[in-house]
Amino acid sequence: MAKAFASQGDMSEKNISFTEVGEGLWAFTAEGDPNSGVIIGEDSVMIVEAQATPRLANKVIEKVREVTDKPISHVVMTHYHAVRVLGASAFGADQVIMGETARAMVAERGQEDWDSEFQRFPRLFEGHESIPGLTWPNTTFNDRMTVYLGNRRVDLMHLGRAHTAGDIVIHVPDQNVMFTGDIVEYHSACYCGDGHFADWGDTLDEIKWFDVDAIAPGRGDALVGRDMVNEAIENTRDFVDSTYRPAARVAARGGTLKEAWDAVRAECDPKFSDYAIYEHCLPFNVARAYDEARGIDTPRIWTAERDIEMWEALQG
């Protein structure tokens, strides 16, 4: 390799924030690292996103125990990526929930994604030796599912493809708060390596329809208030569109992946280069945008070997 991935050198500890986004609803954030959500019900707690390892999941549990002693009964994962799911065993929840499409993606590409992400971003796998294996849900659904935590209703929904084909969101109606996973980010680059650019904007519109009062996004600060929510949704839309458009123009004229990389950088660097994990995401985003523009609907599986081949091509 000509040089390491940006994320391989990112070893600095991030400051954790634990922000109440509604009554009994919390966002665990860490300066652009993967977020988790906490939903406190009448008798028990639901966790949204399990972190990459049980050791990192225990940092979420520590924050939960600062605000409630209720047992953790449910863990929900918005999609299949390793950094979101491999810490699930730490919570000891009876119900581990994913969308059916996300479960199928664990079966299809879960191990490859784990190997790939571990190589790309070693800091996020602190305590990786404590991972018992791939995380498999014991409950799945297709379009919609409702869970009651006592009297508190929690709606789980697949609104469309975006960050992956199987993204779900979690909506708590009594507070009109949503946990969006990586469909929405805040001052953090979207990882689009397994994404669906043509669908992402429509899925953002579906989220926008709910007119929520707060969002716990996939990465970045908690979004409290409709102004901040709408800003994040539109910034996410701009990021996705600004990545796809130049790559699609290059693909349409038969240009190379390296030419697409240069075109995307020209458009995105001035607007997004200060976003968290921007340099980490960019090569994977360009590769996927280039593929989609050439008619490849299902994202190709990333492997540790493919990562290196792609990166070397972009350095040429």
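Surface patches are made of residues with over 30% relative accessible area and no salt bridge, like charges being joined within 9 Å. A salt bridge is a side-chain nitrogen of Lys or Arg within 4 Å of a carboxyl oxygen of Asp or Glu. The model is predicted; local features need pLDDT of at least 70, side-chain atom pairs count only at pLDDT 80 or more, and totals for chains, interfaces and linings use all residues. Residues are numbered from 1 along each chain as its sequence is written, and side-chain values use heavy atoms, without hydrogens and water.

D115, E305, E309 and E312 form a negative surface patch. Helix α8 (residues 304-315) gives the largest share, three residues. E305 lies in this helix.

Six strands form an open sheet of mixed pairing, in the order β8-β9-β10-β11-β12-β13. Strands β8 (144-149) and β13 (223-224) stand at the edges; each has a single partner strand, so one side of each lacks a neighbour in the sheet. Two strands pair if DSSP finds at least two bridges between them.

Strand β11 (residues 177-181) is largely enclosed by the rest of the structure, because five of its five residues are buried (under 20% relative accessible area). V177, F179 and G181 point one way, M178 and T180 the other. Three bridges join β11 to antiparallel β10 (residues 169-172). H171 has M178 as its bridge partner. Four residues separate the strands of this hairpin, where N176 takes a positive phi near 55 degrees.

β11 and β12 pair in the parallel sense over four bridges. Here M178 stands opposite I215. Strand β12 (residues 214-217) pairs with β13 in the antiparallel sense over two bridges. L223 in β13 is the bridge partner of I215.

How values were computed
Patches are made of residues with over 30% relative accessible area and no salt bridge: like charges are joined within 9 Å, nonpolar side chains (Val, Leu, Ile, Met, Phe, Trp, Tyr) within 5 Å. Accessible areas come from the Shrake-Rupley method with a 1.4 Å probe; for residues, only the protein chains shown count as cover. Lys and Arg count as positive and Asp and Glu as negative; His and the chain ends are not counted. The place of a charge is taken as NZ of Lys, CZ of Arg, CG of Asp or CD of Glu. Buried means under 20% relative accessible area, exposed over 50%, partly exposed in between (1.4 Å probe, protein chains only).
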